[in-house]
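User: I would like to go through the labels used for this model one at a time, setting each against its definition.

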Amino acid sequence: MKAQVERKIFHFRFPAGTSRGVYTTRTSWLVKLTDDEGHIGVGECAPLPQLSCDDLPNYEEVLHEACIQVEATNAVPVEQLRPYPSMLFGIETAMLNLQQQSWALFDTPFSRGEEGIPINGLVWMGSFDEMRRRMEEKLRGGFQCVKLKIGAIDFDEELSLIKMLRQRFSKENVELRVDANGAFTPEEAPRRLEQLAQYDIHSIEQPIRQGQWQVMATLCRNTPLPIALDEELIGVNDPYKKEELLDVIRPQYIIIKPSLHGGMVGATEWVTMARQRGIGSWMTSALECNIGLNAVAHLAALLYGPAITMPQGLGTGQLFTDNVEAPLHLQGDRMWFG
């Protein structure tokens with residue numbers, strides 16, 4: 001088996017704002033595996049700058065070393081790559097693509113084109129008017145679950161947006177999620193959770209910065225609305241440490257991004273451990289191109305299907321002007337394959 005690595009830069013259709021800054025481009029490394037018969041499999045390794053635990057200055061060098069191991073063993077070096085989840089995810093994807101010789105990585109109703117995966121409509125950070133316009137676009141598009149990224153503009157303005165939505169649509173008509181990306185301080189978080197809870201919020205992602213386990217545990221015990229952990233899971237790659245985190249914090253939900261949270265192997269561990277503790281979860285992409293997005297969707301279909309009812313965070317396929325063509329398409333608020 002031969003392995004090649006190609007660095008690719010993708011360009012956003014609009015500046016993608018988060019509480020950590022604004023993205024205009026996205027760098028990925030595509031891993032191509034070729035077997036002795038000339039069959040090819042491709043996967044995407046896409047660390048997020050200043051967020052992924054494997055956002056390294058020598059990323060490409062480490063990835064090349066991992067590929068040498070793949071060439072030598074014809075297998076994915078899972079334990080070697082646990083500290084490098086985006087690399088693990090990309091190589092896992094490439095190996096499955098090689099084995100299946102198809103974009104359909106697992107045999108599920110989704111991969112057979114028999115059912116679509118419900119997804120949330122994502123409203124990126126921006127000015128009040130920009131966020132209102134984006135929110136209304138999602139509602140016109142038929143989304144029954146809308147996720148707002150908050151924490152970049154004045155909190156009262158963000159509450160006004162949420163209030164505006166709730167005046168038009170009840171919780172029975174539109175499920176509303178918010179993502180703070182750790183924007184609240186521990187001191188202000190309880191009050192802000194109380195304010196948000198007035199509007200029948202489904203959940204809030206990562207209200208405070210990660211790494212404050214006891215503070216987060218207290219928030220989760222006393223919260224007026226469900227809390228979902230996201231960034232908190234980054235860098236927690238050892239299975240025993242995962243169990244410790246879940247047992248200490250006891251969140252209502254966890255959100256799984258394979259590129260950030262351990263590849264396919266690590267994502268499966270998180271979902272399994274959460275289920276054992278009565279903790280809910282769903283899966284989202286992490287600004288990958290369609291190669292990574294396709295892999296996340298197929299993994300979600302495998303772990304949560306058949307007949308997924310919880311909206312997944314897979315609405316990033318339209319982000320780039322120069323995305324890779326893939327057999328994925330949206331119909332209303334569902335992603336379909338084929």
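Analyst: Contact here means heavy atoms within 4.5 Å. This is a predicted model, in which local features need pLDDT of at least 70 and side-chain atom pairs count only at pLDDT 80 or more, while totals for chains, interfaces and linings use all residues. Residues are numbered from 1 along each chain as its sequence is written, and side-chain values use heavy atoms, with hydrogens and water left out.

User: With which residues is Met-335 in contact, leaving aside its neighbours within four places in sequence?

Analyst: Among them are Phe-110, Ile-117, Leu-293, Ala-297, Leu-314 and Leu-330. Met-335 itself is placed in strand S13, residues 334-337, where strands (E, at least two residues) and helices (H or I, at least four) are DSSP runs numbered from the N terminus.

User: Why is Met-335 called buried?

Analyst: Buried means under 20% relative accessible area, exposed over 50% and partly exposed in between, with a 1.4 Å probe and protein chains only. Met-335 has a relative accessible area of 3%, and is therefore buried.

User: What makes Asn-74 partly exposed?

Analyst: Its relative accessible area is 45%, which lies between the two limits of 20% and 50%. Asn-74 sits in the loop between H1 and helix H2 (78-81), and has a positive phi of about 55° although it is not a glycine. Most residues other than glycine have a negative phi.

User: Why is H1 called oblique to H3?

Analyst: Angles under 35 degrees count as roughly parallel, over 145 as roughly antiparallel, 65 to 115 as roughly perpendicular and the rest as oblique. The axes, which are lines fitted to C-alpha atoms over the stretch in contact, with angles running from 0 to 180 degrees between N-to-C directions, come within 11 Å for H1 (residues 59-73) and H3 (residues 85-100) and cross at roughly 40°. That makes H1 oblique to H3. The contact involves residues including Val-62, Leu-63 and Ala-66 of H1, together with Met-87 and Ile-91 of H3.

User: What makes a set of residues a nonpolar core?

Analyst: The set must consist of buried Ala, Val, Leu, Ile, Met, Phe, Trp, Tyr and Cys residues joined through side-chain atoms within 4.5 Å. The largest such core has 70 residues, with Leu-148, Ile-204 and Met-283 among those that have the most contacts inside it. Helix H10 (residues 290-304) gives the most to this core, with 9 residues. A second, separate core of 20 residues includes Cys-45, Leu-88, Ile-91 and Ala-94.
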